Amino acid sequence: MIGNLLQPEITELIEQRNFNQLREILSEFPAPEIAEILADIPAADKAVLLRILPHQLATEVFEYLTIEDQENLVQALGNEQVARILNEMPPDDRTALLEEMPAAATQKLLNLLSPHERKVAADLLGYPKDSIGRRMTPEYVAIQKNWTVEEVLAYLRRVGRDRESLNQLYVVDEKGVLVAWMRLRNLVVADLNTPVTELLEDQLITLRAADDQESAIATFKKYDLTVLPVVDSHDVLVGVVTVDDILDLLEKETTEDI
(Lines give C-alpha, C1' and ligand atoms only; values in the text may rest on other atoms or scores of the structure.)
Protein backbone atom coordinates (compact mmCIF):
# COMPACT_ATOMS: atom_id res chain seq x y z
CA MET A 1 0.00 0.00 0.00
CA ILE A 2 1.21 3.49 -0.83
CA GLY A 3 0.49 4.66 2.72
CA ASN A 4 2.96 2.16 4.16
CA LEU A 5 5.69 3.50 1.88
CA LEU A 6 5.06 7.12 2.85
CA GLN A 7 4.17 6.55 6.48
CA PRO A 8 7.65 7.17 7.99
CA GLU A 9 8.04 10.47 6.12
CA ILE A 10 4.46 11.57 6.86
CA THR A 11 4.77 10.67 10.56
CA GLU A 12 7.99 12.63 10.85
CA LEU A 13 6.51 15.69 9.15
CA ILE A 14 3.48 15.57 11.46
CA GLU A 15 5.75 15.39 14.51
CA GLN A 16 7.72 18.35 13.14
CA ARG A 17 4.43 20.22 12.49
CA ASN A 18 5.69 20.82 8.95
CA PHE A 19 2.20 21.19 7.50
CA ASN A 20 3.26 23.14 4.40
CA GLN A 21 5.45 20.29 3.14
CA LEU A 22 2.78 17.73 4.06
CA ARG A 23 0.24 19.68 2.03
CA GLU A 24 2.60 19.85 -0.96
CA ILE A 25 3.34 16.10 -0.85
CA LEU A 26 -0.26 14.97 -0.51
CA SER A 27 -1.60 17.40 -3.10
CA GLU A 28 0.47 15.63 -5.76
CA PHE A 29 -1.69 12.50 -5.41
CA PRO A 30 -5.25 11.95 -6.67
CA ALA A 31 -8.01 11.62 -4.07
CA PRO A 32 -8.23 7.77 -4.15
CA GLU A 33 -4.51 7.41 -3.41
CA ILE A 34 -4.65 9.96 -0.58
CA ALA A 35 -7.50 7.91 0.88
CA GLU A 36 -5.19 4.87 0.77
CA ILE A 37 -2.51 6.86 2.55
CA LEU A 38 -4.96 7.84 5.30
CA ALA A 39 -6.10 4.22 5.64
CA ASP A 40 -2.56 3.12 6.49
CA ILE A 41 -1.70 5.70 9.15
CA PRO A 42 -2.74 5.90 12.82
CA ALA A 43 -6.22 7.26 13.50
CA ALA A 44 -4.87 10.28 15.38
CA ASP A 45 -3.03 11.49 12.27
CA LYS A 46 -5.94 11.08 9.83
CA ALA A 47 -7.74 14.20 11.00
CA VAL A 48 -4.51 16.20 10.87
CA LEU A 49 -3.91 15.28 7.23
CA LEU A 50 -7.50 15.94 6.19
CA ARG A 51 -7.42 19.38 7.79
CA ILE A 52 -4.36 20.53 5.84
CA LEU A 53 -5.64 19.48 2.40
CA PRO A 54 -7.26 22.04 0.08
CA HIS A 55 -11.00 22.16 0.76
CA GLN A 56 -12.21 20.53 -2.46
CA LEU A 57 -9.56 17.82 -2.33
CA ALA A 58 -10.38 17.04 1.31
CA THR A 59 -14.02 16.50 0.41
CA GLU A 60 -13.10 14.17 -2.46
CA VAL A 61 -10.72 12.18 -0.23
CA PHE A 62 -13.39 11.84 2.46
CA GLU A 63 -15.75 10.24 -0.08
CA TYR A 64 -13.20 7.46 -0.81
CA LEU A 65 -12.72 6.49 2.84
CA THR A 66 -14.53 3.56 4.41
CA ILE A 67 -17.67 4.32 6.41
CA GLU A 68 -15.79 3.41 9.60
CA ASP A 69 -12.99 5.88 8.84
CA GLN A 70 -15.56 8.53 7.91
CA GLU A 71 -17.34 8.06 11.23
CA ASN A 72 -14.08 8.34 13.17
CA LEU A 73 -13.07 11.48 11.30
CA VAL A 74 -16.44 13.09 11.89
CA GLN A 75 -15.82 12.67 15.62
CA ALA A 76 -12.27 14.06 15.35
CA LEU A 77 -12.88 17.07 13.11
CA GLY A 78 -14.33 20.35 14.30
CA ASN A 79 -17.94 21.22 13.53
CA GLU A 80 -17.00 23.83 10.95
CA GLN A 81 -14.94 21.43 8.83
CA VAL A 82 -17.46 18.61 9.21
CA ALA A 83 -20.20 20.97 8.04
CA ARG A 84 -18.18 21.98 4.98
CA ILE A 85 -17.41 18.38 4.02
CA LEU A 86 -21.00 17.23 4.50
CA ASN A 87 -22.42 20.14 2.53
CA GLU A 88 -20.07 19.44 -0.39
CA MET A 89 -20.49 15.64 -0.46
CA PRO A 90 -22.76 14.10 -3.14
CA PRO A 91 -26.17 13.43 -1.50
CA ASP A 92 -26.02 9.66 -2.09
CA ASP A 93 -22.57 9.33 -0.49
CA ARG A 94 -23.69 11.50 2.43
CA THR A 95 -26.75 9.29 2.94
CA ALA A 96 -24.54 6.17 3.08
CA LEU A 97 -22.57 7.81 5.90
CA LEU A 98 -25.55 9.19 7.83
CA GLU A 99 -27.50 5.93 7.80
CA GLU A 100 -24.58 4.12 9.47
CA MET A 101 -24.30 6.66 12.29
CA PRO A 102 -26.23 6.39 15.58
CA ALA A 103 -29.51 8.32 15.50
CA ALA A 104 -28.27 11.03 17.87
CA ALA A 105 -25.11 11.56 15.81
CA THR A 106 -27.11 11.65 12.57
CA GLN A 107 -29.36 14.39 13.92
CA LYS A 108 -26.32 16.37 15.07
CA LEU A 109 -24.75 16.11 11.62
CA LEU A 110 -28.02 17.07 9.89
CA ASN A 111 -28.04 20.26 11.95
CA LEU A 112 -24.64 21.17 10.50
CA LEU A 113 -26.01 21.19 6.94
CA SER A 114 -27.29 24.21 5.10
CA PRO A 115 -31.12 24.40 4.95
CA HIS A 116 -31.15 23.14 1.36
CA GLU A 117 -28.75 20.24 1.96
CA ARG A 118 -30.56 19.35 5.21
CA LYS A 119 -33.81 18.98 3.27
CA VAL A 120 -32.11 16.82 0.63
CA ALA A 121 -30.54 14.59 3.30
CA ALA A 122 -33.79 14.28 5.25
CA ASP A 123 -35.69 13.36 2.08
CA LEU A 124 -33.19 10.63 1.20
CA LEU A 125 -33.12 9.26 4.74
CA GLY A 126 -36.92 9.07 4.66
CA TYR A 127 -36.79 6.14 2.22
CA PRO A 128 -36.67 2.55 3.57
CA LYS A 129 -33.24 1.12 4.39
CA ASP A 130 -31.69 -0.67 1.40
CA SER A 131 -34.16 1.02 -0.97
CA ILE A 132 -33.19 2.68 -4.23
CA GLY A 133 -34.18 6.01 -2.69
CA ARG A 134 -31.25 5.71 -0.26
CA ARG A 135 -28.77 5.45 -3.15
CA MET A 136 -30.13 8.05 -5.55
CA THR A 137 -28.93 11.60 -5.94
CA PRO A 138 -31.29 14.52 -6.68
CA GLU A 139 -28.62 16.14 -8.86
CA TYR A 140 -30.22 15.54 -12.26
CA VAL A 141 -31.22 17.81 -15.14
CA ALA A 142 -34.94 18.10 -15.90
CA ILE A 143 -36.11 20.01 -18.96
CA GLN A 144 -39.46 20.94 -20.50
CA LYS A 145 -40.92 19.21 -23.53
CA ASN A 146 -41.75 22.47 -25.32
CA TRP A 147 -38.16 23.79 -25.22
CA THR A 148 -35.79 24.06 -28.18
CA VAL A 149 -32.16 22.90 -28.26
CA GLU A 150 -31.05 26.50 -27.73
CA GLU A 151 -33.16 26.82 -24.57
CA VAL A 152 -31.84 23.54 -23.20
CA LEU A 153 -28.21 24.54 -23.78
CA ALA A 154 -28.81 27.88 -22.06
CA TYR A 155 -30.32 26.04 -19.10
CA LEU A 156 -27.38 23.62 -18.93
CA ARG A 157 -24.94 26.52 -18.77
CA ARG A 158 -26.76 27.81 -15.69
CA VAL A 159 -27.17 24.56 -13.75
CA GLY A 160 -24.95 21.94 -15.38
CA ARG A 161 -21.87 22.32 -13.18
CA ASP A 162 -23.94 21.47 -10.09
CA ARG A 163 -25.29 18.20 -11.50
CA GLU A 164 -23.64 14.79 -11.11
CA SER A 165 -24.70 13.39 -14.48
CA LEU A 166 -25.35 15.17 -17.76
CA ASN A 167 -25.22 12.22 -20.15
CA GLN A 168 -28.98 11.88 -20.03
CA LEU A 169 -31.49 14.72 -19.77
CA TYR A 170 -34.99 14.07 -18.46
CA VAL A 171 -38.20 15.63 -19.75
CA VAL A 172 -40.91 16.35 -17.18
CA ASP A 173 -44.37 17.87 -17.40
CA GLU A 174 -45.67 20.80 -15.33
CA LYS A 175 -46.23 18.48 -12.33
CA GLY A 176 -42.74 17.00 -12.45
CA VAL A 177 -43.89 13.68 -13.92
CA LEU A 178 -41.18 12.01 -16.01
CA VAL A 179 -42.40 11.68 -19.60
CA ALA A 180 -39.27 11.08 -21.68
CA TRP A 181 -35.49 11.40 -21.88
CA MET A 182 -32.83 12.41 -24.37
CA ARG A 183 -29.10 11.91 -24.88
CA LEU A 184 -26.72 14.83 -24.43
CA ARG A 185 -24.75 13.85 -27.53
CA ASN A 186 -27.88 14.17 -29.69
CA LEU A 187 -28.50 17.59 -28.22
CA VAL A 188 -25.08 19.07 -28.92
CA VAL A 189 -25.07 18.10 -32.61
CA ALA A 190 -28.61 19.34 -33.33
CA ASP A 191 -29.52 22.73 -34.77
CA LEU A 192 -30.32 25.35 -32.14
CA ASN A 193 -33.93 25.74 -33.24
CA THR A 194 -34.66 21.99 -33.14
CA PRO A 195 -37.58 21.14 -30.79
CA VAL A 196 -36.78 18.82 -27.91
CA THR A 197 -39.60 16.52 -29.06
CA GLU A 198 -37.54 15.54 -32.13
CA LEU A 199 -34.66 14.24 -29.96
CA LEU A 200 -36.52 12.07 -27.47
CA GLU A 201 -35.65 8.38 -27.03
CA ASP A 202 -38.29 5.74 -27.68
CA GLN A 203 -37.76 3.61 -24.57
CA LEU A 204 -38.16 5.04 -21.05
CA ILE A 205 -36.68 2.85 -18.27
CA THR A 206 -37.14 3.91 -14.66
CA LEU A 207 -36.52 2.75 -11.11
CA ARG A 208 -38.94 3.13 -8.21
CA ALA A 209 -37.57 4.95 -5.16
CA ALA A 210 -39.22 2.58 -2.68
CA ASP A 211 -38.02 -0.61 -4.42
CA ASP A 212 -35.09 -2.56 -2.98
CA GLN A 213 -31.60 -2.01 -4.36
CA GLU A 214 -31.57 -5.46 -5.98
CA SER A 215 -34.03 -4.03 -8.51
CA ALA A 216 -31.52 -1.38 -9.53
CA ILE A 217 -28.72 -3.93 -9.90
CA ALA A 218 -30.90 -6.17 -12.09
CA THR A 219 -32.05 -3.26 -14.27
CA PHE A 220 -28.53 -1.93 -14.84
CA LYS A 221 -27.36 -5.42 -15.79
CA LYS A 222 -30.27 -5.92 -18.18
CA TYR A 223 -30.04 -2.62 -20.07
CA ASP A 224 -26.31 -1.85 -19.73
CA LEU A 225 -26.84 1.83 -18.88
CA THR A 226 -24.69 4.29 -16.93
CA VAL A 227 -27.52 6.19 -15.23
CA LEU A 228 -31.22 5.58 -14.56
CA PRO A 229 -33.98 7.95 -13.41
CA VAL A 230 -35.82 7.29 -10.15
CA VAL A 231 -39.53 8.10 -9.78
CA ASP A 232 -41.97 8.01 -6.88
CA SER A 233 -45.35 6.23 -6.77
CA HIS A 234 -46.86 9.03 -8.88
CA ASP A 235 -44.12 8.83 -11.55
CA VAL A 236 -42.66 12.16 -10.41
CA LEU A 237 -38.91 12.34 -11.07
CA VAL A 238 -37.12 12.44 -7.70
CA GLY A 239 -33.52 11.49 -8.53
CA VAL A 240 -31.08 9.38 -10.51
CA VAL A 241 -28.88 6.39 -9.74
CA THR A 242 -25.51 6.10 -11.47
CA VAL A 243 -23.62 2.95 -12.36
CA ASP A 244 -20.81 3.76 -9.90
CA ASP A 245 -23.35 3.55 -7.07
CA ILE A 246 -24.40 0.13 -8.38
CA LEU A 247 -20.79 -1.04 -8.55
CA ASP A 248 -20.42 -0.08 -4.88
CA LEU A 249 -23.49 -2.20 -4.06
CA LEU A 250 -22.16 -5.16 -6.05
CA GLU A 251 -18.82 -4.94 -4.26
CA LYS A 252 -20.59 -4.87 -0.90
CA GLU A 253 -22.74 -7.89 -1.84
CA THR A 254 -19.72 -9.83 -3.06
CA THR A 255 -17.85 -9.09 0.17
CA GLU A 256 -20.84 -10.25 2.25
CA ASP A 257 -21.12 -13.45 0.19
CA ILE A 258 -17.45 -14.23 0.68
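Trainee: What should I know about the model first?
Mentor: It is predicted: local features need pLDDT of at least 70, side-chain atom pairs count only at pLDDT 80 or more, and totals for chains, interfaces and linings use all residues. Residues are numbered from 1 along each chain as its sequence is written, and side-chain values use heavy atoms, with hydrogens and water left out.

Trainee: At what angle do α5 and α7 pack?
Mentor: About 70°, with the axes of α5 (residues 55-64) and α7 (residues 79-88) 9 Å apart. That makes α5 roughly perpendicular to α7 (65 to 115 degrees counts as such). Axes are lines fitted to C-alpha atoms, for helices over the stretch in contact, and angles run from 0 to 180 degrees between N-to-C directions. Helices are DSSP runs of H or I, at least four residues; strands are E, at least two; both are numbered from the N terminus.

Trainee: Which residues of α7 make the contact?
Mentor: Arg 84, Ile 85 and Glu 88. They meet His 55, Gln 56, Ala 58, Thr 59, Phe 62 and Glu 63 of α5. Contact means heavy atoms within 4.5 Å.

Trainee: Switching to strands. In what sense do β5 and β6 pair?
Mentor: Antiparallel, over five bridges (pairing takes at least two DSSP bridges). Val 230 stands opposite Gly 239 in β6.

Trainee: What about the turn of that hairpin?
Mentor: Five residues lie between β5 and β6, and Asp 235 in the turn has a positive phi of about 65°.

Trainee: How many residues of β6 are buried?
Mentor: Six of its six. Buried means under 20% relative accessible area, with a 1.4 Å probe and protein chains only.

Trainee: And α8, how many there?
Mentor: Seven of the eight, so α8 (residues 91-98) is largely enclosed by the rest of the structure. Asp 92 and Arg 94 are among the buried ones.

How values were computed: Angles under 35 degrees count as roughly parallel, over 145 as roughly antiparallel, 65 to 115 as roughly perpendicular and the rest as oblique. Buried means under 20% relative accessible area, exposed over 50%, partly exposed in between (1.4 Å probe, protein chains only).
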